[in-house]
Amino acid sequence: MTLAIVLAAGSSAASLPTGAVPGGALTEGLAEQWRRAGVADVRFAASLDEVADLAATASGPVVLSGADLVAHTAVLRHLVTSPVGPTVALVLTDPPGGGRTVVREERGQVVDAGPVDRLDGGATGVFGGAVRVGRDDVPALVAAARAAGTDRQAPGPAVDRVFAGLAGQGTLVFAHRVRLLVAHRVDDAPGLAAAEAAVAAVDEDRAELRLSVKEKDDFFTTYFVSTWSPQVTKLCARLGLSPTAVTMISVAFAVAAAALFAAGGRPALVGGAVLLYLGFVLDCVDGQLARYTRNFSAWGGWLDTMADRAKEYLVYAGLGWGATAAGFRYGWALAIAAMTLQTVRHMTDAWYGVLHDEAARRPKSEGTGGGGIGDRLNAASNRVQADSGSLSYWLKRTVVFPIGERWALIALAAALFDQRIALFAVLTWGVLAFAYTGALRTLRARWMWVPVLDTVDATLHRDDGPLATRLPVLRRPGPLVLAVVAALAAAGLVLVTLLGDDGDPASWLRWAAVPVVLMVLLAAAAGTGAAHNGPLDWLVPAALRAAEFLFAVAVGVIGGAPAWLIFGYLFVLTLHHYDLVARLEKRQPAPPLHSATLGWEGRSVLLALTAIAGIVSIGLATLGIYLLVLFVASVVLAWFVRPSRPTRAPAGTRQGATL
C-alpha cells in the first residue's frame, strides 16, 4: 500500500493566506487530491524528522510532496501509477525560483539534482515538489530526510532538499513531465490564484485522452493511427475492455492477416493488408488504454512486448507460406531471413538502450571516452530529437524502420504486389536500417565507453547454459571477438550449404564442416567467464543470437529438414530470447525454468549431434516442442502460480532505442 506524506515544513506555502499548514485549507485540499489519485493512506508531517519516521514504517512505496503544489488530480494520479520505474519525480518547466531544486535529465532519468549553481551540466527542469519512491528506495529516502533535517540552514524548501539528497545517493529516479494538464508550485497569493485558474481552465478528461497517445512516436503511427485511435481507446474504456484484452484482439487480427497472406490471391492479400493495419491500430490502442485508465501491470507490459514480436513473425510465416505456395522456391528462406534479421536487430536495440541509460547515470568523466566524433554525433542526435516535427526529425525516426513502418510496408507491398515482394522489401529496408544504426551506434558507444554487461548477469543475458560454465575460460581475444567469429563461421556454413548441390561429390564437406563450426561456437561460449568491459561488448548477446540462429539454419538445410520446420524452431527460440529481454526491461527475474533451456551452446551441440546421426528433422521438432513447453510452463509459473515482486535493474532500460 502506498503512503503519501504531505510536508509543509520549510515551504513557502506556509505563508499563504489559505492556511498551508498541517490541517490548513491548501494542505487538506492536496491531501484529498492524493486520496482521489489512489493513495489510501495520507499523512501530514511538520518536520523532516517526522517524514523520516513515517517513511521508515512504510511497507510499500512512499509519496512525498510539499504543500505548495497546485495541480490537476490527474497529474498526481499519473505520478502514483507511473510505470517507467519504481522511483519517479514530478518535473516542471517553471522558473527555478525560491531556492527550488533544479534537475538535469537524460533519456527520462534524473541524472543530477540540486541548486542551479551546483548542477553538473545545464538544467532541463525544476523539481515539481512531489516524488514517488519505490519500496526498495525508501531507506534512501529516510536517510535523505534525516540528513536534510540536520542542516536547517540549507537554502530552499525542505522537500527539495530531501529530493536532492535522494538523487545524490545514486538512487535511480525517473522524470515525470506534465503535458496538457497543469501543475505549479506557488509562493504567494497571486501565484496561487493564477495556478488555480489555470487548473480550472483545462478539461481534465479530454486532456487525459490526448495524453494516452505517446508524445513522440513514429511517422506512420503519428499521422495514420494516432489521429483516430484515441476514439477507439475511449470506446474500449466504455466497454470495460482491459489493455490485455485489446492486446489479444490485436493478436487475433494479425493471425487472420497471416492466414490470408498464406492463402494468396488478390482479395486475400488486400484483406490481409487491411487486417494487418487494423491489428496495428489495436496494438497502439492497448498502450493508450493502459495510459488512459492507468491500468498498468508487469504482466501486461511483458505480454505486450511478447505479442508484438509473435504477431510480426507469424505474419512473416504467412508471407513465406504464401510465396512458396505461389511457386517461389525461397519463400520460407526469405521469412527465415527476415525473422533472424529483426531478432538480431532487436537484441542490439535492447542492449544499446541499456548502454545509453547506464552512460546517462554516470558522471561525464566516467561515461565518456574523450569526445571526438562520438561526442559530435551525440550532440547532433540530441539536436534532431529536440527539433520535433522537422524533416530531419522524421527522417531520423523513419530510417531506422520502426514497427509501424514495417507493418505499413508489408501491408502495401502485399496488397499491391505479392508476398515475395513484401518479404524482399522488409529485408532490404531492414538491412539498410541495421547498417545505419549499427555504424552510428558503434561510434557513439566507443565515445561513451561504458561496460554494460559488467552491470548485469552476463551468463543469463548471453543465454549461456551449463556447458558454457564448465568450459575453460577464454579471455583472449575477448568475448565480442569470439561471438562475432562464431556468427561469421555460422554464416559461412549457411552460405556454403545454400550454394552447394546435394549431388556434388564434395557435399560431404558440408557435413564435415558442422563439427568444425560447432567448435568455433563453443569457443565463443567459453568467453562467458571473461570480463565484458569493452566499449562494444553490448553487441555480444546479439552476435550470439545470430550465431545460434544461423547454425540452426545450416544444420536444418544440410539435414534436409522442411523450411517451415526450421522457421518454427527459430520462432520458438525468439520467444525464449524476447522473454529474457522483456524481463530485463520490466525488472523481472530470470524465467523459473531457464536452466532447463540448455543454453544457446547446449542447443547447438544437440543439433550438431542430430546432423551426425542423420535425424535433423526429428531433432528440430523435438527440441522445438521441448523449448515451447518450457516457455509456456515458465510463463504459467512466473505470472500465475508464483508471481514474484519486481526487482530493480541496474539501469532504466528500454527496447527500441534509436540513434
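Colleague: Which side chains does the one of Asp463 join through polar contacts?
Modeller: This is a predicted model, so bear that in mind. In it, a polar contact of 3.0 Å joins the side chains of Asp463 and His577. Another, of 3.1 Å, joins the side chains of Asp463 and His576.

Colleague: Where does Asp463 lie?
Modeller: In the loop between α19 (458-462) and α20.

Colleague: Buried or exposed?
Modeller: Asp463 counts as buried because its relative accessibility is 0%, and the cut-off for buried is under 20%.

Colleague: What is Asp463 in contact with, sequence neighbours within four places aside?
Modeller: The list includes Arg545, His576, His577 and Leu580. It also has His594, Thr597, Gly599, Trp600, Glu601 and Arg603.

Colleague: And what is the phi of Asp463?
Modeller: Near 65°. That is a positive value in a residue other than glycine. Most residues other than glycine have a negative phi.

Colleague: Phe401 next. What is its phi?
Modeller: Positive, about 60°, although Phe401 is not a glycine.

Colleague: Where is Phe401, and is it buried or exposed?
Modeller: Phe401 sits in the loop between α16 (391-399) and α17. It counts as buried, at 0% relative accessibility.

Colleague: Switching to peptide bonds. Is the one from Arg476 to Pro477 cis or trans?
Modeller: Cis, with omega near 5°. Most peptide bonds are trans.

Colleague: Where is Pro477 placed?
Modeller: In the loop between α20 (466-470) and α21 (479-499).

Colleague: Helix packing now. How do α12 and α17 pack?
Modeller: Helix α12 covers residues 298-325 and helix α17 covers residues 403-416. They pack at an angle of about 20°, with their axes 12 Å apart.

Colleague: Why call α12 roughly parallel to α17?
Modeller: Because the angle is about 20°, and angles under 35 degrees count as roughly parallel. So α12 is roughly parallel to α17.

Colleague: Is the crossing of α12 and α17 left-handed or right-handed?
Modeller: The crossing of α12 and α17 is left-handed.

Colleague: Which residues make the contact?
Modeller: From α12, they are Arg309, Lys311, Glu312, Val315, Tyr316 and Leu319. From α17, they are Ile403, Arg406, Trp407 and Ile410.

Colleague: How do the residues of the contact of α12 with α17 divide?
Modeller: Six are nonpolar, none polar and four charged.

Colleague: Lys311 is in that α12 set. Which side chain is joined to the one of Lys311 by a polar contact of 3.0 Å?
Modeller: The side chain of Ser250. Ser250 has its place in helix α10 (residues 243-263).

Colleague: Is Ser250 buried or exposed?
Modeller: Ser250 is buried, with a relative accessible area of 0%.

Colleague: What else does Ser250 touch, leaving aside neighbours within four places in sequence?
Modeller: Besides Lys311, Ser250 is in contact with Gly279, Leu282 and Asp283.

Colleague: Left-handed or right-handed?
Modeller: α9 passes α11 in a right-handed crossing.

Colleague: Now Ser65. Where is Ser65 found?
Modeller: In strand β3 (residues 62-66). Ser65 counts as buried, at 0% relative accessibility.

Colleague: What does the side chain of Ser65 make a polar contact with?
Modeller: The side chain of Trp34, at 3.1 Å. Ser65 and Trp34 are 31 residues apart in sequence and 9.8 Å apart in space, C-alpha to C-alpha.

Colleague: And which residues is Ser65 in contact with, sequence neighbours within four places aside?
Modeller: Among them are Ile5, Val6, Leu7, Leu30 and Trp34. Gly129, Ala130 and Val159 are also in contact with Ser65.

Colleague: Last one, overall. How many helices and strands?
Modeller: The protein has 26 helices and ten strands. Of its 659 residues, 54% count as buried. Among contacts between residues at least 6 apart in sequence, 83% join residues at least 24 apart.

Terms used. Residues numbered from 1 in each chain as written. Predicted model: local features only at pLDDT ≥ 70, side-chain atom pairs only at ≥ 80, totals over all residues. Heavy atoms only, no water. Left-handed = near helix turned anticlockwise from the far one by under 90°. Helix = DSSP H or I, 4+ residues; strand = E, 2+ residues; numbered from the N terminus. Buried < 20%, exposed > 50% of the residue type's maximum accessible area, 1.4 Å probe, protein only. Polar contact = N/O pair within 3.5 Å; in protein donor to acceptor, adjacent residues only side chain to side chain. Contact = heavy atoms within 4.5 Å. Axes fitted to C-alpha atoms, helices over the stretch in contact; angles between N-to-C directions. Parallel < 35°, antiparallel > 145°, perpendicular 65-115°, else oblique. Nonpolar A, V, L, I, M, F, W, Y, C, P; charged D, E, K, R; others polar.
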